Amino acid sequence: MKMRNLALSVAVATAGLSSALVSTTAFAQAKEQFFPSLVYRTGAYAPNGVPFANGMADYMKLVNARGGINGVMTLLEECETGYATDRGVECYERLKGKNGGATVFQPLSTGITFALTEKAPIDKIPLITAGYGRSESADGGIFKWNFPLAGTYWVAADTIVQDIGKQVGGMDKLKGKKIALVYHDSPFGKEPIPLLQERAAMHGFTLSLLPVTHPGVEQKATWLQIRRDRPDYVINWGWGVMNSTLLKEAQATGYPRENIYGVWWAGAEPDVKDVGMGAKGYKSVMMQHGAELNSDVVKEVLSKVHGKGQGTGPKEEVGQVLYMRGLTAAMFAVEGVRAAQERFGKGKVVTGEQARWGYENLNLTQAKLDALGFKGVMRPISTSCKDHMGASWARIHTWDGSKFVWSSDWLQGDEQIINPMVKAAADKYAAEKKLTRRTPADCQS
Amino acid sequence: MFYRENGQFKTSYRADQQIFAIAQDRWAILALIAFAFIGVPFLVDEYMYRAILIPFLILALAAIGVNILVGYCGQISLGSGAFMAVGAYAAYNTYIRIDGMPLIVALLSGGFFATLVGMFFGIPSLRVKGLYLAVATLAAQFFCDWAFLRVGWFTNNTSSGSVSVSNLQVLGWTINTPVEKYLFCLGFLVVFALLAKNLVRSAIGREWMAIRDMDVAAAVIGIRPMYAKLSAFAVSSFIIGVAGGLWGFVHLGSWEPAAFSIDRSFQLLFMVIIGGMGSIMGSFFGAAFIVVLPIFLNQVLPVIGHMLGMEISTAFVSHAEFMIFGALIVWFLIVEPHGLAKLWSIGKQKLRLWPFPH
C-alpha cells in the first residue's frame, strides 16, 4: 500500500512537471521585452518588499498601457527570493533564459547582488541596483555589467554626514562630535562603514559601530550602549522590522528622534507608521524621490492601471516611498531599453547585451523625466562608460507623525571623497579577480 | 524475477565483502555513475545544473558528513552550517593568501580546518548526549556566525564582509561552465561517498554504531568512547567542510556568513532525518528531497493554478511551498520514520521475492 501511494504521488508529480515544461515553451512570443523581477513577498522583510514589488509590476503595466517601449510590450515575471542569497541565485538561473532571455536583473538584496555580480558578465545580462548594491560598482571601467543607478550607499552616507554638518552649523563644527552607526549586520549594513570612517578622519568626529543581527529586533544591548555613550547623532542602517524596533527603543531610551538619520531603506511608511507620533522628527535620506503621492506618474498609474482594476496591491499604497522605489527601478529598466532601441533598432526586442549599452548611455534629461511623469520626483540622470551611477542627488525627509515632509534641499554626494574610494575599491576587486580596466574601444561597443 | 541473487556464489572473502552484494546492484550503480558523468552533460540545460544538480551534489556531500555524525555515531549536531562555513572561509583564506595554491588542496585544507573546529566543539560530546549535545553544537553555529561577521581577517578585510573567488582551475582545467562545475562536484561526491561507505563498514564505523546504539555497553566491550566520538566528529566535519568550500567556491562564487546560517544546519539535519539516519544512500535521498521539492513546488503551483483558471501570486506560492513542505515532512516521518532509504530498501526486499512473495 505504501509503495502504491508513493508510486502514485511520483506519477502525479511527473505529470505536473511535464505539463509545466510544455506550457512554458508554448508561451514564447515575439515583441515582448522580458523583465524578471526578484521579489520578497514573504519572510522577515516582506512588509518592505511587497510595496517595492507592486510598484515595479504597476509601472510595467503602465508602460504597456502607454503602448509599450516603441511598441514592444513589457513582460514581467516574479520570483520569490525571501531575501536569501541561494534562492536568489536559483531565481536568476530560472529566469535568465525564459521568454527570449532576461533584459536586466534587479536583485533587491546586497547579498544577491554580490553573487550575481560574478555571474552577470558570463551570461551577458546587466544588473541594475538602483540605490543599493555594492558601492564600488559605480566604476564602469571594472564593473561592466553593474548599474547602481541614481546613487549608492556611499552617496547616502555622505549626504547624511553633510546634513548633520548643516544641523550643527558647518562641517568644521563636527569636530569632537559622536556619531553612532546602528547597522544591520550583513553586507548591506556594512557598506557605508568605509565612507563614514573616511569622513570621521576628515572632520574629527568619532564614529562608533553598533551591529544588530538579522532580522533586527534584538537591540537592547545596542541601546544600552547608546544610553551610556550618548552619541550626538545616530545613523540607522536598517531594513524591515529593525527600523520600527529602533524607533521604539529610541523612544523608550528617550533618545531624541530628531537626531536619528535613516538610510533610504529605513525611511518608508511601514517603518514609522506603527510608531506614529513616537517617531516624530525622525529623518531619512532619500535617493532622489520620496513619497510622491501627488506626482504625475502616480496619478497616471491610478487612472490607467488601478482605475482599470489591474493594479497590483492596495490602491492607498500607490505613491508611497517603497512603491515609488519599485516604480523608479522599473522606469530605469524600461528607459535603458528605450535608449538601446535608439541604437539597435526602434520597436525591436533588445537582448541583455544590447540593453547594457542602453543603461550605459542613459540620458534622462529633465524634459524626458517630466514627460514620463517624474516632474519634481527626480533630477536628471546620465550615465557613461566611466560612471555607472549617473547622479548622486539626495534629499532628507522627516516624519511629522503622519507623513513624510522634505526637510532639506537637494544634496549631492561629494565626488572628491567618493570617487577616489570607488576607484580604489574597484581596483582592489579587479586585482583580486585579475581583471583589467576596460579600454576606450570597449566603451564604444 | 530479474532482481535476485540466485546463482551468485561467493568464493572468496573479497567477494563476500563487496559493498553491493548483488550483481544487479553493482551494475546499476556503475551504470548510474557512468550516466552521471557521461550521459547527464548531454541531456540537461544550464538551469538544471545551476539550480538543481550542483546544489544537490554539494548538499548530498554535506549530508553524508552529517549522517556519519548523527546517523552512524548518534551525536546530534546543529552546528553543521558552522562547519560548512569554516570549510568555505578556510579554503578561501588558503586560496587567496598562498600564491599558486591548487584549488583542490585549498578545498581540502578547508576540510582540515573544519576538522579541527569540529573536534573542538565535539569535546562536550564526551560528557553530554542527545538534546544537550545539540545545544552544545549550536554554540559552534553562533560562534562561527559571530567570528566570520566580526573578524576582518577571515574575509580579507572586505568592507561588506562578503567574499568571492573566481578563475577556478585544476591543473589547467578551468572550471567555469555549469558542466565543468557539475563534473567537479560530482568527482568530489563520488570519491567521498565511496570513502564514507567503506569507513562505515570498517572497524571504526562499527565502533561509531556501537556508541550510537548503547555507549555504556560499547565501553564495556572495549570501545574507547572518546576516540570513537571524536573521530566521528573529525570525519564528519572534514566532509562537511569540503562541502562548504564547494558551496562557496563553486555554487555561489561569492558569499557572506548568512549563506551558512542556522537554517543551513537545520536543512542538513532534515536531510539526514528524512533521507534515513545511518545510511549513505539516505543522504542522497534526503538532499534530493530538500533541494528539489521546494523548487519543484515553486514552479508547478503556478501552472496548476493556471490550469484551474486561478492567478496564483508569488507570495501564495511561497506560503504554500512552506505548508506543503512541512506537511510532507510530517507525513514521511509518520509513514516511515527511518526515512526514504528505508522505503528504498523495503522496495528492494520486495523485488527480491517478486513475483512469489512468501
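Let's start inside chain A: A:Arg395 is buried, at 8% relative accessibility, where buried means under 20% relative accessible area, exposed over 50% and partly exposed in between (1.4 Å probe, protein chains only). This is a predicted model, in which local features need pLDDT of at least 70 and side-chain atom pairs count only at pLDDT 80 or more, while totals for chains, interfaces and linings use all residues. Residues are numbered from 1 along each chain as its sequence is written, chains are lettered from A in the order in which they are written, and side-chain values use heavy atoms, without hydrogens and water.

What does A:Arg395 pair with in a salt bridge? Its partner is A:Glu292, with the closest N and O atoms 3.9 Å apart; a salt bridge is a side-chain nitrogen of Lys or Arg within 4 Å of a carboxyl oxygen of Asp or Glu. A:Glu292 is buried too, with a relative accessible area of 10%.

A:Lys403 meets A:Asp400 at 3.3 Å, N to O; A:Lys403 is partly exposed at 46%, and A:Asp400 is partly exposed at 27%. A:Asp442 meets A:Arg438 at 3.0 Å, N to O. Here A:Asp442 is partly exposed at 22% relative accessibility, whereas A:Arg438 is buried at 13%. Salt bridges that share partners also join A:Glu93, A:Lys96, A:Lys119, A:Asp123, B:Glu46 and B:Arg50 into one network. Over all chains, the structure holds 35 salt bridges.

Finally, turn to chain B and find B:Leu43, which counts as exposed at 60% relative accessibility.
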